[in-house]
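The stops below are given in the order in which to select them.

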Amino acid sequence: MLKLLEEMPGLIALEEDRARGERLLRDLEQGHRSWGELGSEERRLISGALIELVRERSLSLRFDDPEGMVAFAKVGCVLAEALDEASYGGPVVADVCARAWAELGNAYRVADDLDRAGAAFGRARDFATRGTGSPSLIAEIFYLVASYLADRRRFGEAVEFLELLEELHLRRGELGARARVLIKLANIRSQANEPENAILVYLRALSLLDPGSEDRLAAVHGLAVNLVEAGHYGSAQHLLTSNRRLYRKAGKLNQLRLIWLEGKLAFGVGELGKAEGKFNTARLAFLRVNQTFDSALVSLDLALLYIRQERRQELVWLVDQMLGTFRTLGIAREAIASLLLLRNSCEQKRPADVLRGQIESLARLLPELESRRTARGRSAL
């Protein structure tokens with residue numbers, strides 16, 4: 001904190017220069033000035049102002065254009081490292097660079113290039129150690145690194161980062177930020193196949209959120225999923241019934257995830273006809289919007305239903321469809337081999353418990369295989 005206070009003049013100067021640079025950019029956009037009219041000092045101010053604009057543009061592309069997100073984040077790193085240390089001080093510039101490299105690491109993560117993401121986060125850490133020690137910057141980097149570690153399936157390390165981050169927000173009295181960290185922590189517990197632990201963390205998060213919080217749906221859905229996984233069907237149904245309005249306002253994909261979850265709930269309580277209808281609706285709808293991986297996961301739930309009803313011929317048909325989907329996705333040979341084994345076991349009329357075990361093993365394996373596949377594919381570019 002003392003170091004941060006010592007660097008306050010540089011931070012103030014940076015913010016003032018950004019504001020001046022943004023005014024110059026508006027003048028250029030509106031035709032009041034031309035680039036040729038600008039002096040060297042004005043061009044320097046514009047370069048500084050562009051850092052935040054480039055960052056915002058990068059973040060805006062995270063759902064639709066991961067490669068574009070990476071491209072803009074790279075520009076942000078170049079602009080950050082070009083800042084004048086004489087004007088702002090080395091630690092202040094190091095903070096800006098640390099944030100820029102952390103954003104690039106996250107962009108690589110979103111684009112499924114986990115090797116480059118790790119390298120970028122390493123650069124962010126190096127800059128942060130030379131920075132002001134800003135708690136908000138540390139919190140931002142910790143959160144992004146935890147997401148990266150979870151994608152690497154290094155759940156224990158991700159949990160450690162998030163627990164440290166929750167403690168930081170607790171000390172600073174930041175309820176909303178603390179709730180978001182808890183949602184992320186609960187999600188990682190869920191990924192690690194710890195539904196009971198995930199439930200407890202989701203409940204802690206919900207206790208901190210205002211009713212109108214934009215993070216409420218993520219907490220509600222995650223809690224409901226883990227309640228179903230843990231066999232608490234009545235609690236899951238009550239939660240969904242009382243929060244259905246959140247899904248109606250949250251877009252098509254979230255509505256499809258609700259249908260999928262309703263299928264899981266119906267399957268858990270033995271309403272197999274309803275479950276089959278929900279699974280087929282979600283599976284086909286995910287395919288129509290090019291969410292092929294989610295469609296494949298729904299297919300595994302449908303396969304479990306077919307096994308319970310001893311509908312082996314339909315299971316073989318479904319496995320053949322899944323094989324086509326997995327090959328289209330380029331998922332690793334382990335998954336293809338598992339599906340071929342499942343098909344063979346079905347044709348040989350092996351016991352239902354054997355088939356169920358094979359599907360459940362594949363469901364646990366798929367997320368890791370998908371992460372490895374996309375990481376390798378993007379790294380080759």
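The tour starts with confidence, then goes to cysteines, aromatic pairs and charges over rings.

**Ground rules.** This is a predicted model, in which local features need pLDDT of at least 70 and side-chain atom pairs count only at pLDDT 80 or more, while totals for chains, interfaces and linings use all residues. Residues are numbered from 1 along each chain as its sequence is written, and side-chain values use heavy atoms, with hydrogens and water left out.

**Colour by pLDDT.** pLDDT is the predictor's confidence in each residue, from 0 to 100. The protein chain averages 82, and 83% of the residues score at least 70. Select helix α1 (residues 2–6), where confidence is lowest, at a mean of 52; then helix α11 (residues 195–208), where confidence is highest, at 95. Helices here are DSSP runs of H or I, at least four residues, numbered from the N terminus. Next select residues 371–381: pLDDT stays under 50 there, and the model has 19 contacts (heavy atoms within 4.5 Å) beyond four places in sequence for this stretch.

How many disulfides does a search of the whole structure find? The search finds 0, a disulfide being a pair of cysteine sulfur atoms within 2.5 Å. The cysteine sulfur closest to that of cysteine 77 belongs to cysteine 97, and at 7.9 Å it is too far for a bond. Cysteine 77 counts as buried at 4% relative accessibility, and cysteine 97 is buried at 3%. Buried means under 20% relative accessible area (1.4 Å probe, protein chains only).

**Select the aromatic rings.** The whole structure holds 4 aromatic pairs. Rings of Phe, Tyr and Trp (its six-membered ring) pair if their centres lie within 6.5 Å; planes under 30 degrees apart count as stacked, over 60 as edge-to-face and the rest as tilted.

- Phenylalanine 121 and tyrosine 148: the centres are 5.5 Å apart and the planes are at 50°, so this pair is tilted. The pair links helix α7 (residues 114–129) to helix α8 (residues 135–151), across 27 residues. Phenylalanine 121 is buried at 7%, as is tyrosine 148 at 10%.
- Tryptophan 260 and phenylalanine 286: this pair is edge-to-face, 5.9 Å centre to centre with 80° between the planes. Tryptophan 260 is in helix α15 (residues 252–268) and phenylalanine 286 in helix α16 (residues 272–288), so parts 26 residues apart in sequence are tied together. Both residues are buried.

**Select two arginines.** The charged end of arginine 123 sits over the ring of tryptophan 101, 4.4 Å from its centre. The charged end of arginine 308 sits over the ring of phenylalanine 267, 4.2 Å from its centre. The criterion is NZ of Lys or CZ of Arg within 6 Å of the ring centre and within 35 degrees of the ring normal.

Conventions. Buried < 20%, exposed > 50% of the residue type's maximum accessible area, 1.4 Å probe, protein only. Helix = DSSP H or I, 4+ residues; strand = E, 2+ residues; numbered from the N terminus.
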